[in-house]
Amino acid sequence: MHRAGLARRWLVLAVLVAGGVTAICAAAPPQTSSSSDRPPGSVYTGPAFRFNKVAEGVYHAVGTGALAVFCNASIIVNENEAIVIDTHTTPAGAWALREELKAITPKPVRYVINTHWHFDHSHGNQIYGPNVDIIGSAFTRQMIAGGHSMKGRGIERFIGSIPSQIDQLEARLAASTDPAERAKLQAALDVQKNHLEATKAVVPTPPNVTLTDQLVLHRGAREIRLMFLGRGHTGGDVVVYLPEERLVMTGDLLVEGTSYMGDAYAADWIETLDRLKALEFDRVLPGHGSVLEGKARIDHWQAYLRDFWTEVQALHRAKVPADEAAKRIDMRAHAHNYPAITAPGVIPDNVHRAYELMDGKAQ
Ligand SMILES: [Zn+2]
């Protein structure tokens, strides 16, 4: 089970996984982590994460800014082990989380879950050794194994731009005479340089346990459901649902702000969110931003997606080039839900992706 891709229906999976996991339980290996396996770019001061307790044994780990980690992780501590959901942009970020987690629990990390294939949720996978299973959708495995997390517009935008961000910070530092401002700029520069160093050490590592529909882990008294609810932020987003605790971890399928749409299936996403809404939960632990109460955020994001999709379809029909369309699309009607929207325009990646979908060229 642990090395083979699983591609079966829920009932079969639930039985197989429950049985298999029970068998491993007694043989959980000790966690290996010492300063000798400290990855490049992991030099930082102060904690890199805040562990916000959400329920007994469940934490939302949010970056402090001391290290560039991009996404949040979620942690589930069970009877015999811990589960980490998402591994950040680099082995350095994942290493820092695992080190700092020792203050929360002495239990070893036994499972890692990738909510999706994006670099900022999976590029720390490599720090986990062969005794840790990495679980994700079959699509996530396919994309990471195929090298897609290392290329494309997302990583170009967020990682490819680090050298120019460093140049800009250095220029501002050289021009600044105010000691307080200089200290801030220097700290930001250190974080960026550290991050650049850390990104060079990435070896994309795909999940070794996969699901296509649903997979259930029974760990002690806890039930942990991994569910693919349909295409959305990517073609293979997995949500992690704890029915007893009434919590759901959504990766980037639902975040606090507006989610990146450069690899998305915008129209499908609206329907996938209906299936998310049908689950019984009280709180969402998103891949970016703070814990969300209730389901209102789902409505907000569905409304945004509907308007975006309507606008982008009209511009495509009118043969407006994608970059020009990105300037014209006006989402300010959603600013009351997303205060970061202050002007017309969306990021071009989102429109290029939508055009590819309409042209039948999307991956
Ligand atoms: Zn993402």
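1. Let's start with a term: two residues are in contact when they have heavy atoms within 4.5 Å of each other. In this protein, 66% of the contacts with a separation of 6 or more are between residues 24 or more positions apart.

2. Before you read on, some ground rules: this is a predicted model, where local features need pLDDT of at least 70, side-chain atom pairs count only at pLDDT 80 or more, and totals for chains, interfaces and linings use all residues. Residues are numbered from 1 along each chain as its sequence is written, and side-chain values use heavy atoms, with hydrogens and water left out.

3. Now the overall build. The protein has 11 helices and 13 strands; these are DSSP runs numbered from the N terminus, with helices being H or I of at least four residues and strands E of at least two. Of its 363 residues, 52% are buried (buried is under 20% relative accessible area, exposed is over 50%, partly exposed is in between, using a 1.4 Å probe and protein chains only).

4. Which atoms hold the zinc ion? They are NE2 of H116, ND1 of H118, NE2 of H233 and OD of D252, at 2.2 to 2.3 Å. Donors here are N, O and S atoms within 2.8 Å of the metal (3.2 Å for Na, K and Ca), and since water is not among the atoms, sites may look incomplete. Along the chain the donors follow the spacing H-x1-H-x114-H-x18-D. H116 sits in the loop between strand 5 (109-113) and helix 3, and H233 in the loop between strand 9 (222-227) and strand 10 (239-242), so this pair ties together parts 117 residues apart in sequence. H116 and H233 are both buried.

5. Why is the zinc arrangement called irregular? Because the four donor atoms subtend angles of 85 to 172°. Four donors count as tetrahedral if all angles lie between 85 and 135 degrees; four count as square planar and six as octahedral if opposite donors are over 155 degrees apart and all others between 65 and 115; anything else is irregular.

6. Have a look at the largest pocket, with about 760 Å³ of space. On a 1 Å grid over the protein atoms alone, a pocket is an open set of points where a 1.4 Å probe fits, with protein on both sides within 12 Å along at least five of seven lines, and lining residues have an atom within 4 Å of a point. Among the 43 lining residues, F158, Y260, M261, I347 and N350 are the closest to the centre. Helix 5 gives the largest share of the lining, four residues.

7. Two residues deserve a backbone check. Most residues other than glycine have a negative phi. H88, in the loop between strand 4 (82-85) and helix 2 (91-101), has a positive phi near 70°, and H88 is buried at 1% relative accessible area. K319, in the loop between helix 9 and helix 10 (322-328), has a positive phi near 60°, but K319 is exposed at 72%.

8. H88 turns up again in the packing. F49, in strand 1 (residues 49-55), is buried at 3% relative accessibility, and its contacts beyond four places in sequence include H88 and L97. The C-alpha atoms of F49 and L97 are separated by 6.9 Å, though the two are 48 residues apart along the chain. A73, in strand 3 (residues 73-77), is buried too, at 1%, and H88 and L97 are among its contacts beyond four places in sequence.

Note on methods. Grid points are joined across faces, edges and corners, and a volume is the space filled by probe spheres set on the points.
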